[in-house]
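User: Can you walk me through this model? I'd like to go through it piece by piece.

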Amino acid sequence: MGLALKGRTVALIGNARSLLAHDYGSEIDAHDLVVRLNRGFVVSPKAQGTRTDIVSLTPTLTEDEIEQQFDPTYMVLLTPKLRHLVIVRGSNLKKVLFYPHRYWIADRQKIGRRPSSGYMMLSYMLRLDCAASITLYGFDFGATETYYNPPNYETPHDFAAEGRIIQGWESEGRIRIVRS
């Protein structure tokens, strides 16, 4: 993962509904790497951009869905439980990277609840400390719902706690958050 990030500008695309009301697509695609999360399929290229270089996954996507919706260079598996994801094609197996379980445990302890995919991917990249820059889009820390979840979805995450930590990283100059 570090080799993919080394010296590159990274756009990490969250799935807050608020992102869809903006025109960040061209700005997102101008980054060296575009990272998407879970079922964050591009539904508005004008808002979300078009590229996916890395997809970070926890849900139950099929290998075909990953290829058709993202066609990523890399897939980062974030969950310690791999029972839902089956990758069998050799061309895809060589794309698979794993989020270290020890990071998941540390993140959970820091937040007090299960970390979200966005938080995990961001903390992973910050731990590697080799990207030229990391810019977040579509992160509003629970102010709007995730655009692909059903109405009244009960999240297992503490977006307020994650938001405080992530905004702290922003104030330290480690990342940039584009507000939506």
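Analyst: Glu63 is found in helix α4, residues 63-69. Helices here are DSSP runs of H or I with at least four residues, and strands are runs of E with at least two, numbered from the N terminus.

User: Before we go on, what sort of model is this, and how are things counted?

Analyst: This is a predicted model: local features need pLDDT of at least 70, side-chain atom pairs count only at pLDDT 80 or more, and totals for chains, interfaces and linings use all residues. Residues are numbered from 1 along each chain as its sequence is written, and side-chain values use heavy atoms, with hydrogens and water left out.

User: OK. Is Glu63 buried or exposed?

Analyst: Glu63 counts as buried, because its relative accessibility is 7%. Buried means under 20% relative accessible area, exposed means over 50%, and partly exposed is in between (1.4 Å probe, protein chains only).

User: What does the side chain of Glu63 reach?

Analyst: The backbone nitrogen of Arg89, at 3.1 Å.

User: And which residues is Glu63 in contact with, leaving aside neighbours within four places in sequence?

Analyst: Val86, Ile87, Val88, Arg89 and Asn92. Contact means heavy atoms within 4.5 Å.

**Salt bridges**

User: Switching topic. How many salt bridges does the structure hold?

Analyst: The structure holds 10. A salt bridge is a side-chain nitrogen of Lys or Arg within 4 Å of a carboxyl oxygen of Asp or Glu.

User: Arg89 came up already. Which salt bridge does Arg89 make with Asp64, and at what N to O distance?

Analyst: The side chains of Arg89 and Asp64 meet at 2.5 Å, N to O. The pair links distant parts of the chain, with Arg89 in the loop between β4 (74-77) and α5 (90-93) and Asp64 in helix α4, 25 residues apart. Arg89 is partly exposed at 32% relative accessible area, and Asp64 is partly exposed at 35%.

User: What about Arg89 and Glu67?

Analyst: Arg89 also forms a salt bridge with Glu67, where the closest N and O atoms are 3.3 Å apart. Arg89 lies in the loop between β4 and α5 and Glu67 in helix α4, so the pair ties together parts that are 22 residues apart in sequence. Glu67 counts as partly exposed, at 27% relative accessibility. Salt bridges that share partners join Glu63, Asp64, Glu67 and Arg89 into one network.

User: And Asp23, what does it form a salt bridge with?

Analyst: Asp23 pairs with Lys46, the closest N and O atoms being 3.9 Å apart. Here too distant parts of the chain are linked: Asp23 is in the loop between β1 (9-13) and α2 (25-29), Lys46 is in helix α3 (residues 45-48), and they are 23 residues apart. Asp23 is exposed at 56% relative accessibility, and Lys46 is exposed at 57%.

**Helix α6**

User: Moving on to α6. Which of its residues are buried?

Analyst: In α6 (residues 101-111), Tyr103, Trp104, Asp107 and Ile111 are buried. Seen down the axis of α6, the buried residues fall within an arc of 100°, so they line one face of the helix. The arc is that of the directions from the helix axis to the C-beta atoms.

User: What do the buried residues pack against, and what is on the other side?

Analyst: They pack against α7 (117-128) and α8 (159-171). On the other side of α6, Arg102 and Gln109 are exposed. After α6 comes Gly112, with a positive phi near 95°.

**The strands**

User: Last topic, β2. How many of its residues are buried?

Analyst: In β2 (residues 33-37), 5 of 5 residues are buried. Leu33, Val35 and Leu37 point one way from the strand, and Val34 and Arg36 the other way.

User: Which strands does β2 pair with?

Analyst: β1 and β2 pair in the parallel sense over 3 bridges, with Ala11 opposite Val34 in β2. Two strands pair if DSSP finds at least two bridges between them. β2 is also joined by 3 bridges to β3 (residues 54-57), running parallel, and Arg36 stands opposite Val55 in β3.

User: And what about β3 itself?

Analyst: Ile54 and Ser56 point one way from β3, Val55 and Leu57 the other way, and all are buried. β3 and β4 pair in the parallel sense over 4 bridges, and the bridge partner of Ile54 in β4 is Tyr74.

Notes
Polar contact = N/O pair within 3.5 Å; in protein donor to acceptor, adjacent residues only side chain to side chain.
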